[in-house]
Amino acid sequence: MVTHIYVHRVYVILILQEYSEKDMNKMATKLPPLPSISEIVRMYKLKARKQLSQNFLLDMNLTKKIVKAAGNISDGYVCEIGPGPGGISRSILEKDVRGLAVIEKDKRFIPSLQMLGDAGGGKMKIYHGDILQYDMDDVFPSEIKNKWEDDPPNLHLIGNLPFNVSTPLIIKLLHAISERRGPWKHGRVNLTLTFQEEVGYRMSVPPGDKERCRLSVMCQHLCHVDTKFIIPGSAFVPAPKVNVAVVTFNPLKKPLISQPFKLVEKVARHTFHYKQKMVRKGIETLFPPDMPELTAKMFELSEVNPTLKPINLTNEEVGRLCHVYNYICEQHPYILSYDYRSPQMKDFVRKARQLEMDKIEQQIILGPSEMTESIIAPENNT
């Protein structure tokens, strides 16, 4: 296997040496002759691993179509998530990009990616790591940065995602978008990613659709989401039983819900916990069962109809619920940590309430200023 890798890389280097300087300048849009992706898969004896939800896209017409969906990437920088044998990577390099960073978890693909990197004339950097844990803080040049309110920079995230990581990954990326960190410290960087068709549909579905869910709210409140096209499952090797959606995410200048990401995610998750029941049922699980007055306050202050089904809530209505929940958490801080599924929660709530009552009693007895002094004053043990 090592001999094969060496021979293939030498083959690419020899081809590059045959090009004149003038030819090298033209290579921005045309790579030197390379084996097809199918041939690379055979040469390196690459097989898709079911446990990693791997499906190879070997049709270069489709990889080019995915890259085209990302918009104009020429003269820009791209980070590709999960390049596999390098089909999309090759289509990116053919678009005259200034740089391409690829993040790959499976070491088996590194040699074939190195061969492509050699053909790309040094434009491609290969990083080995699991994207769910990978720190993407430095995937783009630090000097390229636009204000959030300005047009997006010429920076792009592209990826054909394994099905088993697609949902947790988009939640992770949305979290980074909301806090403008990682790739989004450079501005409103766009994403072009693949998902199972039904997952892609849920991300962009409007209120009233039976497929509307937590993911719909989390995506739409931070990004303009658009399904560009559908790839039939038969185009992949091995062929999955579902079709694949190519989805773009364009971060909004201002989120629809101006609350911390984790708070919005928690409210959305509880709201859609009982999709076929009234929204009141899910909201009740945000609070201890013996505090129904807090559930009532959620609907009173938000002016949301508690008898609606969650799928009928607009993003604006979910936003109002989030704002009221934040207000309640400011009044009762322990509520933010409340988890109705935890067996330890009953004791946690009891202790938190006792602390809350102790503070109130102390404030009544001592007054606000004296209470503050009593908290910061050292104990007198004499």
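## Overall arrangement

Helices, of at least four residues, and strands, of at least two, are runs assigned by DSSP and numbered from the N terminus. In this predicted model, the protein has 15 helices and 9 strands. Of its 382 residues, 48% count as buried, and among the contacts between residues at least 6 apart in sequence, 68% join residues at least 24 apart.

## Helix 10 and helix 13

Two packed helices are described by the angle between their axes and by the distance between those axes. Helix 10, made of residues 261–271, packs against helix 13, made of residues 315–331, at an angle of about 115°, and their axes lie 10 Å apart. Because angles of 65 to 115 degrees count as roughly perpendicular, helix 10 and helix 13 are described as roughly perpendicular to each other.

The crossing of helix 10 and helix 13 is right-handed. On the side of helix 10 the contact is made by Leu263, Val264, Lys266 and Val267, while helix 13 contributes Leu321, Cys322, Tyr325 and Asn326. Sorted by kind, the residues of this contact comprise 6 nonpolar, 1 polar and 1 charged.

## The cysteines

A disulfide requires a pair of cysteine sulfur atoms within 2.5 Å, and by this rule the count in the model comes to 0 disulfides. For Cys223, the closest cysteine sulfur is that of Cys219, and because the two sulfurs are 7.0 Å apart, they are too far from each other for a bond.

Residues under 20% relative accessible area count as buried, so Cys223, at 3%, is buried, and Cys329, at 9%, is buried.

Terms used. Residues numbered from 1 in each chain as written. Predicted model: local features only at pLDDT ≥ 70, side-chain atom pairs only at ≥ 80, totals over all residues. Heavy atoms only, no water. Axes fitted to C-alpha atoms, helices over the stretch in contact; angles between N-to-C directions. Parallel < 35°, antiparallel > 145°, perpendicular 65-115°, else oblique. Left-handed = near helix turned anticlockwise from the far one by under 90°. Contact = heavy atoms within 4.5 Å. Nonpolar A, V, L, I, M, F, W, Y, C, P; charged D, E, K, R; others polar. Buried < 20%, exposed > 50% of the residue type's maximum accessible area, 1.4 Å probe, protein only.
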